[in-house]
Amino acid sequence: MKAPVATKKEHILEAHGDRRSDPYFWLSERENPEVLKYLEEENAYCDAVMKDTEAMQEDLFEEMKARYKKDDQSLPYFFNGYWYIVKYTDGKEYPAFYRAKGMLSAPEELILDVNQLAENEKFFDVGSVSVSMDNHLACFSTDNIGRRIYTLNFKNLITGEYLQDQIANTTGKAVWANDNRHIFYIRKDKNLRAFQVYMHELGTDSSQDILVFHEKDDTFDVNVYKTKSLKYIFISSSSTVSDEHRFIPADNVLADWKIVQPREDDLEYAVEHYEDDFYIITNADGAFNFKIVKAPVAHCDKPYWQDVIPHRKDVLLEGFEIFRDYFVLEERKEGLLQIGIMSHSDGGIHYLPFTDPTYTAYIGLNLEFDTDKLRYGYTSLTTPSSTYEYDMKNRTSVLLKQQEVMGGNFSPDHYVSERIWAPSRDGKNRIPISLVYRKDTAKTSATPLLLYGYGSYGHTVDASFSSLRLSLLDRGFIYAIAHIRGGEYLGREWYEDGKMLHKKNTFYDFIDAAAFLCHEAYTSPRHLYAMGGSAGGLLVGAVANMAPQLFNGMIAQVPFVDVVTTMLDETIPLTTGEYDEWGNPGDEEYYRYMKSYSPYDNVERKDYPNMLITTGLHDSQVQYWEPAKWVARLREMKTDNHLLIFKTDMSSGHGGASGRFESLKEDALEYAFMLKLEHKTF
């Protein structure tokens with residue numbers, strides 16, 4: 001079967017006196033039957049190219065699925081008089097939500113069975129479930145398209161009846177006022193930006209809902225939440241580099257909203273409440289790695305902020321949790337996460353001990369104030385996800401739940417992880433790389449290695465366990481994560497040095513990490529693979545143009561690859577809110593810089609690696625046409641005979657297929673693609 005050839009239709013885009021030819025611009029016409037026909041042709045071609053791996057894909061799917069515990073449940077947590085549990089049942093794709101009053105041994109009450117709601121749906125997602133303070137009502141949100149546009153629904157938990165109240169076009173989050181009659185929720189604008197907060201009174205039509213806050217600056221999004229103390233409801237308005245928070249008492253929906261601190265350029269902050277004070281994590285006063293301050297609720301703007309945890313140049317402060325007698329810090333030092341416990345009584349701090357060379361640790365779900373017990377999570381490349389309960393007074397830990405790996409003889413002792421440091425081309429930095437492989441896997445130039453990267457928005461990809469990944473490790477692969485600039489692995493400056501007019505550092509770091517792995521004989525270009533999704537797909541696309549000779553194969557998941565065109569189009573979801581990350585191409589300096597790395601704009605007539613590119617037709621974050629156009633241009637320009645296959649999920653969005661197991665088919669396809677290139681069989 002021949003590869004599809006997209007029709008070229010001349011289209012010129014002009015900006016700053018620059019003319020760009022975009023003959024595949026027409027692929028953005030979502031309702032055009034010709035577009036849908038082309039996507040289906042690409043899907044058919046992908047299936048044809050990968051037909052010889054169908055049995056392998058099925059085996060991989062069943063193997064991955066077998067590692068899941070079929071009848072499983074979440075770790076129960078206690079809140080407002082009830083224990084809450086989420087359960088999965090063998091043979092069913094979706095969870096069911098339960099609660100038990102007072103004690104875990106009490107009879108379980110079904111809150112919501114998502115399997116019933118998802119019947120006859122190709123895609124289905126429940127965004128959130130929240131229960132009123134009197135425990136009588138539940139609000140839950142649903143999306144059956146995949147564009148992350150949710151409808152709020154209500155259920156009477158006493159009678160089991162669904163209320164007539166229904167609210168469309170929301171972010172999916174709802175916050176109950178303490179009167180059990182009002183909820184606050186967020187609407188999206190035509191570009192899917194969260195921009196308005198409304199208040200709904202149960203029993204009334206949603207057309208009568210009251211607009212509480214309208215964010216008019218299109219570079220800001222809004223959020224709504226309740227403090228851990230349950231005493232205040234907050235609206236946060238945030239851009240990439242600035243925040244503003246306003247609040248009312250949770251028991252007085254008619255109160256005037258009060259602003260904590262008016263927004264300022266480059267001032268970031270987030271707020272929690274304890275007793276008479278607000279505790280605030282912020283980068284104020286040059287605290288680029290953040291600090292914690294407090295201020296009285298009655299006088300909470302910046303002149304009243306007092307340092308609680310000062311700024312430290314070598315420690316990134318990522319979060320905190322407040323208890324009656326303790327203050328818990330989530331920090332990052334030299335790339336590794338640590339959890340510190342500070343006593344309110346004496347201010348002394350001690351840290352939980354972690355020994356793996358690379359890992360993830362984080363503060364878990366802790367809804368109670370009056371307790372000495374801290375729930376925290378831990379995982380590493382060799383340790384399944386685990387939740388512990390730590391006694392902050394006696395300094396002892398108890399394992400509450402660990403992910404079970406079924407269907408085989410998995411043991412952490414079969415694998416080894418390490419962290420190495422690659423030199424960067426500028427000679428000023430070292431790039432951390434986390435790796436995992438079987439102990440019996442030899443590190444040679446013939447060893448296949450999958451290198452994963454992201455590197456945007458300050459998001460850090462930490463070393464964590466994946467039962468799916470075992471299917472690669474057990475077939476002789478090494479898996480590696482490049483902790484590149486654009487994330488915050490080495491602090492806030494690591495992020496700042498990988499964004500805006502420094503964005504190319506992200507790509508250079510990934511290339512330098514790949515070259516180092518080859519130099520150190522962990523692998524070689526013949527056996528090296530790259531993977532990244534969304535902004536990580538941009539990374540893969542840019543690297544494909546810059547250093548195609550380093551890789552045998554690349555997998556770009558829902559990739560952001562048409563950077564200039566997207567960032568110039570303010571009607572596309574998320575664009576205006578992205579200016580502080582990528583820059584505004586309305587400014588010629590940013591336009592020229594973006595154009596110099598945009599994957600779609602830099603495809604050249606040369607050899608490219610084997611490539612698998614995926615997307616979702618209903619993706620609301622990276623529109624399907626970006627990878628579609630990119631594939632079309634690659635087909636036109638590349639001079640090699642390497643594989644180039646493109647798969648569109650016609651019924652999902654940015655997160656892929658819904659359900660517990662359906663998405664595993666996507667993973668099986670990606671793994672089969674690499675194994676096919678390695679000429680590996682079962």
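Start by selecting helix H7: its buried residues are Ala535, Gly536, Gly537, Leu538, Leu539, Val540, Gly541, Ala542, Val543, Ala544 and Asn545. Here, buried means under 20% relative accessible area, exposed over 50%, and partly exposed in between, with a 1.4 Å probe and protein chains only. This is a predicted model, where local features need pLDDT of at least 70 and side-chain atom pairs count only at pLDDT 80 or more, while totals for chains, interfaces and linings use all residues. Residues are numbered from 1 along each chain as its sequence is written, and side-chain values use heavy atoms, leaving out hydrogens and water.

Stay with H7, residues 535–546. Helices (H or I, at least four residues) and strands (E, at least two) are DSSP runs, numbered from the N terminus. H7 is mostly covered, with 11 of its 12 residues buried.

Next, select the cysteines Cys139 and Cys518. Cys139 is buried at 1% relative accessible area, and Cys518 is buried at 16%. How many disulfides are there? The count comes to 0, taking a disulfide as a pair of cysteine sulfur atoms within 2.5 Å.

Now move to the sheet. Its 8 strands form an open sheet with mixed pairing, in the order E31-E32-E34-E33-E35-E36-E37-E38. Two strands pair if DSSP finds at least two bridges between them. At the edges, pairing on one side only, are E31 (415–423) and E38 (644–649).

Finish by selecting E37 (residues 610–616), which runs parallel to E38 and is joined to E38 by 6 bridges. Look for Met611, which stands opposite Leu644 in E38.

Definitions and conventions
Expected span 1.5 Å × (residues − 1).
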